[in-house]
Amino acid sequence: MLPTNRRGFLKAAGAAVVAAGSPYVAPSSVFGKAAPSNRINVGVIGLGTRGIPDMKVFMNNEDVQIRAICDVNTASDGYRDEVTVMGREPALQMANEYYGAKRKTGAYEGVVATSDFREVLSRDDIDAVAIVVPDHWHAPMTILAANAGKDIFCQKPLTLTLGEGRDMINAVRSNQRILQTASQYRSHCRARHACELVRNGRIGELKSMRVRIGYNNKVGPGPGWEPMPVPDGFLYDRWLGPAPAAPYHEKRCIYKFRFNTDYSGGQATNLGAHAIDLAQWGNDSSLTGPVEVEGIGAKWPPEGSLFNTALESSFRARYANGVELLCESSPEDMGVRFEGTEGWIEFVLNGGVFRSSSQTLQTAVLSADEVRLPVSNPARSFQEPGDFYADHVRNFLDCVRTREEPLEPVEVGHRTASVCHLWNIAIQRLGKKLAWDPDQEAFTNDEQANRMRTRPARDWT
């Protein structure tokens, strides 16, 4: 267990101080109608590009109390917009100011900050955790969180490798935990409507799906790059964790991690996790996968570059029902297009635009007896998507209370990530069609591809 002292920070200096005393319990007046006994106590692990926004979304739910936060970075810029300072201290200040504003005194120091996520998991007063860290940490943290009895909101892609997903499923299910994959477009009413129309045969028989993702949005150092000194306040070895030991460079970490295969899979797993997720939903294949995959082409950085994921690529897959999936890097807006024998439907993720081949499809209304997909916020109409990310978080919180399945449980997140990983494996085996058994989760005609399903992990404990 953690010690009972709470960590606060001096706002003016931005330096850490330890506030001694017993665990702070806020009065019910701080939280309006949500009495302390009814709150869901949350710990947020990872406070960067997505982590601080996620913390804000959770805090905006009146029945949530942020109890603890964790990040190995004290504070720095260098995230997606390069200038905004994020990390543990800014997040702590933000959380305490948020809760302080709800108190008459305007002061609050009840949120604990740590650089070791295991301290968050060891707390008795944490019900759920938001895991908002690089992909190579998703599986270790999720498994340990489930074993610690915590419910889990985990960012996408759910896994770093094909092999991790089954271990995550086993941990979540054996501990009877709730896990929501943060693939929020399932909570977008127009995306759901598009998939429902496809599932109900409104475009005839589904024949093909085209997924478009964007190009890399960061440029890394090329061959001959030089290591840099680790900045003060950044626990680099702890950031690496299960990944191989490697010399520090500022463009290896924080937002840029996604372009190095030690930590992520490039845009195929980053953006692909959103668009492929909807393709799987519309094809009714969320709990399985394709039976054949093929890399069509790929463009890579020069050998020896720090970034080593594909700059752009294309990939084809075929499902047992005959539907073909084409995934490709494209200058067009990210989206998924369903093509059938009687028309087509497209959902553009950038902007949430719904397009179709006819006005009939554009104005189609489903009847009560047709296939309907799960809804995170029933109040959202087709024309008013609202804050669908907040709805996705709310769906998770509701399921923490009811113990019902969330919109994207662990098995679904695993299967979506698996197609992304198949994409990355296939483009490394160009010129060969790979037969994939989605039940055994193995290739049946290529042992080299099978070896790429997993990778060794460094001892980080």
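Student: Which residues lie nearest the centre of the largest cavity?
Tutor: Gln267, Ala268, Ala310, Ser313 and Ser329, among 15 lining residues. A cavity is a set of points on a 1 Å grid over the protein atoms alone where a 1.4 Å probe fits but cannot get out, and lining residues have an atom within 4 Å of a point. Mind that this is a predicted model: local features need pLDDT of at least 70, side-chain atom pairs count only at pLDDT 80 or more, while totals for chains, interfaces and linings use all residues. Numbering runs from 1 along each chain as its sequence is written, and side-chain values use heavy atoms, with hydrogens and water left out.

Student: Which elements give two or more residues to that lining?
Tutor: Helix H8 (267-270), strand S11 (312-318) and helix H12 (410-426). These are DSSP runs numbered from the N terminus: helices are H or I with at least four residues, strands E with at least two.

Student: New topic: how many aromatic pairs are there?
Tutor: 20. Rings of Phe, Tyr and Trp (its six-membered ring) pair if their centres lie within 6.5 Å; planes under 30 degrees apart count as stacked, over 60 as edge-to-face and the rest as tilted. Phe315 and Trp423 are stacked, at 5.9 Å centre to centre and 10° between the planes. That pair links strand S11 to helix H12, 108 residues apart.

Student: Are Phe315 and Trp423 buried or exposed?
Tutor: Both are buried, with buried being under 20% relative accessible area, exposed over 50% and partly exposed in between (1.4 Å probe, protein chains only).

Student: Why is the pair of Phe354 and Phe382 edge-to-face?
Tutor: Because their planes are at 90°, with ring centres 5.3 Å apart.

Definitions and conventions. 1 Å grid on protein atoms, 1.4 Å probe; cavity = no way out; pocket = protein on both sides within 12 Å on 5 of 7 lines; lining within 4 Å.
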